[in-house]
Amino acid sequence: MKTYILIAKKEIKIALREKLVLALSSIILVLLGISLFTGVISYQQQQKAITKAQDEKRKEWLEQGDKHPHIAAHFGTFIFKPKTVLSLFDFGLDTYTGTSVYLEAHYQHQFMFRPAQDHNSMIRFGELSSALVLQILMPLLIIFLAYASFTKEKERGTLRLLNSQGVTLTSIAWGKIMAYFIILLTILTPFILGILLLSYWLKTPDTITDLRMRIGLLGTTYMAYIFLFVVLSVLVSIKSSVSRNALLTLLTCWILFTIIIPKTMANFGEGLYPLPSMKIYKEGILKDKENGLDGKTPKAVRIAKLEKELLKKYKVDSVQQLPFNFEGVSMQAGEEYGDKVYDVHWGRLLNIFNKQNKLGSYVSLFNPYMALRNISMGLSATDLSASVDFQKKVENYRRIFIKKMNNDMAQNSNYGEFYEYSVGLDMWESVEDFKYKTPSIYSTLKKYVLEFVSLFSWIILLILLLNYITRKTKLNNG
Amino acid sequence: MLKTNGLTKKYGAFTALNALDLEIKEGDIFCLLGANGAGKSTTINLFLNFIEPTSGSATINGIDVTKHPLETKQILSYIPENLMLYPNLTGLENLDFFCGLGGKNYAKAELGVLLEQSGLQIDFINKRVQNYSKGMRQKVGIALARAREAKVLLLDEPTSGLDPKASNEFSELLLEMKAKGVATLMATHDLFRAKDTGTHIGIMKEGVLVEKFESKDVNFQDLEKLYLKHMHN
């Protein structure tokens, strides 16, 4: 242990005296600072806008005056997706998944106002989030810090001198790894403290679950990723004869991990499991609602069947004789059939998303960047599953809200009575405001088992490889 | 102290060192002469376990260097032709670091004295090594050997490229260490230095130790003739 510490101390001292390392560290720290600052500003602005809009819409709903419940069901309401506090760290898919949805009877509207729509084309290259800096730029700093860790010693001849003191290559390697890890932790400390303080200052406890555990796991996972890149860089340096080769090898790995593999896999996934266009998707739902899921039970037939069943059940001759308003019941039945159709189509869509995601998870076994990216989005609750969960809960809320309107119509109004019947504030207040909570951390973790396995396996594999190579390598060329 | 038995190193069909039998006792300075590629550095690299022998063995203080490299390295000090230190550290910091690795801990003042005694100018002790000449770096190497209280010195052409004054200072330091019983194996091209400093001289050619004698048995002219004879044959 003493040898590791001596080597680590020496490495830190040298790194601090090298201007390149200081300059790169400063750049990373500035970028992290900027990304955190913009993340906080964006979070606060969006959160403020969402709260304001949500309050306005709630007020509109409550103050809509007396009217028929079905008219109220079409008057509808807006639901705004609340930002999670961790979205200031990792924007994830929030930029692309939309921030609000209009809820009304009969229709499942798509999410609107995707932030990406309001940005210029540069958004295609990704926003500068803290997660992006740590996932993509931090490995670059590590590469520049460690690519010459051994090659420089070989080129200078100091490695032979070190080894002649009775120090093993394994000790030298671990001493260096320890040094780089300490340097990186030092650079990250102000950022980590900043994140922790902001999380507690800005936290929205009603939205995100298990915040502490999420922050802890995010920290641990990012540390593991940084450690992984440090070990990889040192390992490549050990195996390279000259610094230039080590740098080229590591930059190639970086480009493969962060650009080529993710982009290729996204295209491959889309090719293998193509999503229908929005037009086709909507037309499919409309067609099945009109003609029935079997294609031969149109709406009129379904209503007639329901009418016949109810007349028979209540032993009456006409709908006017039923003890409730048949229009309300038939509307709810139509609503429920529409929900069934929507669930079938949405289920198909989700199935494709899941297949694409699963493919990404399998590929992440070979790409630690993709593994970290997925875990980070998941823990920040800005991933696809968080978005899907929100959509499901919103749809569920819509269904309860519409059912309430239809039931009231069925129970309290008469057949053929539409403009004559109305309800007021008591009814509007009985529709509770929508409150959202992210899925628990455990359900998130279950979705990213392969990604955790990937990071863990990479670390174990690299450690074993490093120990094996340092034991086998002789210094005849060094 | 240093001993080899039939020490051989082959690279494929090429024999870099062929059945070397050598013994260097405490207080001996054994100078290995020979052209480039004669096997001098190979011998030193084998003692350092930087390479493994094809056959035969090398021992330091009776310990096999291949089987117990860490133990043998605890008692030796190595100075290559061009001792490279960490340029961004001072001479004192370099010495402190390398001493620490060998398990020797000295106060800064003690290390300063060691550097000074090894001939490094006081002004340079706390300057970064990037400002050092080759001679200055070699002196840090000597200070390191002293600090580590090495029983064995392995020197690979340590005076190559040094000016005569610096070479002379280096020889004096070797003689000081010899007086303390340090066994030295020095590969060199410098016949004068070998005759002047060495207690024993060996001439190597194509991996074979072709001559071995005590330096007191020959004068400089005879040594030069003998060396040239082997080089020309």
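The helices H15(A) and H19(A) cross in a left-handed way (the near helix is turned anticlockwise from the far one by less than a right angle). This is a predicted model, where local features need pLDDT of at least 70, side-chain atom pairs count only at pLDDT 80 or more, and totals for chains, interfaces and linings use all residues. Residues are numbered from 1 along each chain as its sequence is written, chains are lettered from A and ligands numbered from 1 in the order written, and side-chain values use heavy atoms, leaving out hydrogens and water.

**Exercise 1.** Work out how H15(A) and H19(A) are oriented to each other.

*Solution.* Start with the angle: residues 368-379 and residues 449-472 of chain A pack at about 140°, with axes 9 Å apart. Angles under 35 degrees count as roughly parallel, over 145 as roughly antiparallel, 65 to 115 as roughly perpendicular and the rest as oblique. The two helices are therefore oblique.

**Exercise 2.** Find B:Phe98 and list what it touches.

*Solution.* Next, leaving out residues up to four places away in sequence, B:Phe98 touches A:Leu161, A:Leu162, A:Gln165, B:Leu85, B:Tyr86, B:Leu144 and B:Arg148.

**Exercise 3.** Is A:Ala381 buried or exposed?

*Solution.* First locate A:Ala381 in the loop between H15 and helix H16 (384-412) of chain A. Its relative accessible area is 6%, and buried means under 20%, exposed over 50%. A:Ala381 is therefore buried.

Methods: Axes are lines fitted to C-alpha atoms, for helices over the stretch in contact, and angles run from 0 to 180 degrees between N-to-C directions. Helices (H or I, at least four residues) and strands (E, at least two) are DSSP runs, numbered from the N terminus. Contact means heavy atoms within 4.5 Å. Buried means under 20% relative accessible area, exposed over 50%, partly exposed in between (1.4 Å probe, protein chains only).
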